[in-house]
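Notebook open, structure on screen. I am going through the side-chain pairings and jotting down what I find.

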Amino acid sequence: ETPLRGALKEFLDSNYDLKVKVTGYAKHSSSYFPVVEFKTFDSVSGEETLNRYEQYDDMIYEVNIYAKTIEKEDGEVRTEVEIANDLKILVNNFLDNKVGMKRTMCQVSPNLDLDIYRITMRFSCSYNRRRNNFIRR
């Protein structure tokens with residue numbers, strides 16, 4: 001998960017104009033926004049072939065995007081909805097198109113702080129432990 005989180009951070013840094021914090025656990029008292037929380041939601045030892053040459057784990061990853069309205073130095077105001085939707089598209093592009101996961105859920109989630117906009121996404125895949133790669137199913 002950590003190398004995948006690092007690759008997601010690199011992808012967002014190179015494709016988005018705002019600095020994004022990517023973490024495995026977002027502290028709710030954080031003062032830095034936007035934040036992308038990337039974590040394993042579920043992991044089940046899956047199938048294997050008779051000779052154990054191929055071994056798969058079924059994985060579900062959860063991504064929470066937290067955003068607040070930001071005013072840049074030039075006076076441009078970016079709303080929390082705009083930032084979260086931009087990040088949603090980029091995260092989906094990376095995990096779906098580049099890594100090969102399948103998005104199974106994407107919805108706006110309630111948050112305790114009403115100034116913070118939150119989107120929750122879930123992605124599923126199978127992970128081949130022998131070949132160290134993700135397989136879309």
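Ground rules, before I go on. This is a predicted model, where local features need pLDDT of at least 70 and side-chain atom pairs count only at pLDDT 80 or more, while totals for chains, interfaces and linings use all residues. Residues are numbered from 1 along each chain as its sequence is written, and side-chain values use heavy atoms, with hydrogens and water left out.

Entry: overall layout. I noted 2 helices and 8 strands for the chain, taken as DSSP runs numbered from the N terminus (helices H or I, at least four residues; strands E, at least two). Along the sequence I read α-β-β-β-β-β-α-β-β-β. Of the 137 residues, 41% are buried; I use buried for under 20% relative accessible area, exposed for over 50%, and partly exposed in between (1.4 Å probe, protein chains only). I also looked up contacts, meaning heavy atoms within 4.5 Å. Among those between residues at least 6 apart in sequence, 56% join residues at least 24 apart. The accessible surface comes to about 8000 Å², with 48% of it belonging to carbon and sulfur atoms; the areas come from the Shrake-Rupley method with a 1.4 Å probe, and for residues only the protein chains shown count as cover.

Entry: aromatic rings. My rule pairs rings of Phe, Tyr and Trp (its six-membered ring) if their centres lie within 6.5 Å; planes under 30 degrees apart are stacked, over 60 edge-to-face, the rest tilted. That gave me 2 aromatic pairs. One is F11 with F94, tilted, at 5.3 Å centre to centre and 35° between the planes. This pair links distant parts of the chain, with F11 in helix α1 (residues 2-15) and F94 in helix α2 (residues 80-99), 83 residues apart. I find both F11 and F94 buried.

Then I checked F38 and Y61: their ring centres are 5.2 Å apart and their planes at 10°, so I wrote them down as stacked. F38 is in strand β2 (residues 35-48) and Y61 in strand β3 (residues 55-67), 23 residues apart, so here too the pair links distant parts of the chain. F38 is buried because its relative accessible area is 0%, and Y61 is buried because its value is 4%.

Entry: a charge over a ring. The charged end of R122 sits over the ring of F41, 3.8 Å from its centre. My test was NZ of Lys or CZ of Arg within 6 Å of the ring centre and within 35 degrees of the ring normal.

Entry: back to salt bridges. I count 9 in the structure. D13 bridges K9, with the closest N and O atoms 3.1 Å apart. D13 and K9 are 4 residues apart in helix α1, so about one helical turn separates them. D13 is partly exposed at 33% relative accessible area, and K9 is partly exposed at 23%.

E62 and K39 meet in another bridge, 3.8 Å from N to O. This one links strand β3, which holds E62, with strand β2, which holds K39. Buried or exposed, what is E62? Buried, because its relative accessibility is 6%, whereas K39 is partly exposed at 26%.

E76 is partly exposed at 34% relative accessibility, and K72 is partly exposed at 23%.

Key: Salt bridge = Lys/Arg side-chain N within 4 Å of Asp/Glu carboxyl O.
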